[in-house]
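Subject: Structure handover

Dear colleague,

The structure is below, for your files. My notes on what was found in it follow.

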Amino acid sequence: MNIAKIVREAREQSRLTALDFANGIFDEFIELHGDRSFRDDGAVIGGIGWLGDQAVTVVGIQKGKSLHDNLKRNFGQPHPEGYRKALRLMKQAEKFGRPVVTFINTAGAYPGVGAEERGQGEAIARNLMEMSDLKVPIIAIIIGEGGSGGALALAVANRIWMLENSIYAVLSPEGFASILWKDGSRAMEAAELMKITSHELLEMGIVDKVISEAGLSSKELLGCVKNELRVELDRLQELPLDQLIEERYQRFRKY
């Protein structure tokens, strides 16, 4: 598949969303709301569900499947209160010993004036710091776009997986082309240089697993991810706590 098609697939409005994964993989998923400081951010979803007999905290960045839903979800661009909600739920998971699974699909954090006034940079930085030392296993899955610090704020994990037709990058191809050549129309040329596809990132050791989407229905894909999560969470929970945290920290230091 060529790079332009992969980028289109990653951004496709009909792709499975974070809520689709949360409800399709985890039994009795209960969504929780609010950052206990400002408001609830519709671009970030989170809650608790069951994977077999294991309670899991689930956090995700949610895009909409229609214009109305995208307006509600701010087109999957979180405000700082969204990242603070995510951190609140992850710290709750740490308190009760629940592993954390994140589903990421965002072009990036919202760059509006209000978001900056409420501390967008601080919220992202705090998530990076707190997740690096969280005392429970974390698995992050890129399910569409993984754009910039807005994605990384939920991706400081022990394992990072990508769906086959997803992308993960420091910024969008359009932004890269605009900076490098002052010409956003060269976005796909930029995407080739950036190495943003799942298989390229797997080769470079940035991600740990690519989950194939080829020929799978939505139900089959959800089942595949569910099985992979069950196996990997069992492995991670067997690791000594010091090793779990140190391996997570060192994977990002080596970049």
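With which residue does R11 form a salt bridge, and how far apart are the closest N and O atoms? The partner of R11 is E174, and the closest N and O atoms are 2.9 Å apart. A salt bridge here is a side-chain nitrogen of Lys or Arg within 4 Å of a carboxyl oxygen of Asp or Glu.

Before the rest, some conventions. This is a predicted model, in which local features need pLDDT of at least 70 and side-chain atom pairs count only at pLDDT 80 or more, while totals for chains, interfaces and linings use all residues. Residues are numbered from 1 along each chain as its sequence is written, and side-chain values use heavy atoms, with hydrogens and water left out.

Overall picture

The protein has 12 helices and 8 strands. Its radius of gyration is 17 Å, close to the 18 Å that the globule rule gives for 255 residues, so the protein is as compact as a globular protein of that length. The radius is taken over C-alpha atoms, and the globule rule is 2.2 Å times the number of residues to the power 0.38. Helices (H or I, at least four residues) and strands (E, at least two) are DSSP runs, numbered from the N terminus.

Along the principal axes, the C-alpha trace spans about 50 × 40 × 40 Å. Of the 255 residues, 51% count as buried. Buried means under 20% relative accessible area, exposed means over 50%, and partly exposed is in between (1.4 Å probe, protein chains only). The accessible surface comes to about 11,600 Å², and 52% of that belongs to carbon and sulfur atoms. Areas come from the Shrake-Rupley method with a 1.4 Å probe; for residues, only the protein chains shown count as cover.

Among contacts between residues at least 6 apart in sequence, 72% join residues at least 24 apart. Contact means heavy atoms within 4.5 Å.

Salt bridges

The structure holds 19 salt bridges. R11 is partly exposed at 30% relative accessibility, and E174 is partly exposed at 28%.

D40 and K85 form another salt bridge, their closest N and O atoms being 2.7 Å apart. This pair also links distant parts of the chain: D40 is in the loop between β1 (27-31) and β2 (44-51), and K85 is in helix α4 (residues 80-96), 45 residues apart. D40 is partly exposed, at 33% relative accessibility, whereas K85 is buried, at 1%.

A further salt bridge joins the side chains of R118 and E81 (3.0 Å, N to O). R118 lies in the loop between α5 (113-117) and α6, and E81 in helix α4, so the pair ties together parts that are 37 residues apart in sequence. R118 is partly exposed at 24% relative accessible area, whereas E81 is buried at 1%. Salt bridges that share partners also join R11, K63, E145 and E174 into one network.

Surface patch and backbone

L67, L71 and F75 form a nonpolar patch on the surface, with about 330 Å² of accessible area together. Patches are made of residues with over 30% relative accessible area and no salt bridge; like charges are joined within 9 Å, and nonpolar side chains (Val, Leu, Ile, Met, Phe, Trp, Tyr) within 5 Å. L67 is in helix α3 (residues 67-72) and is exposed at 58%. F75 lies in the loop between α3 and α4 and is partly exposed, at 39% relative accessibility.

F75 has a positive phi of about 55° although it is not a glycine. Most residues other than glycine have a negative phi. E28, in strand β1, also has a positive phi of about 55°; E28 is exposed, with a relative accessible area of 64%.

N74 is found in the loop between α3 and α4 and is buried at 17%. Not counting residues up to four places away in sequence, N74 touches H79 and Y110.

S132 is in helix α6 (residues 120-132) and is buried at 18%. Its side chain reaches the backbone oxygen of M129 at 2.6 Å.

Regards

Key
A polar contact is a pair of N or O atoms within 3.5 Å; within protein, one must be able to donate a hydrogen and the other to accept it, and residues adjacent in sequence count only if both atoms are side-chain atoms.
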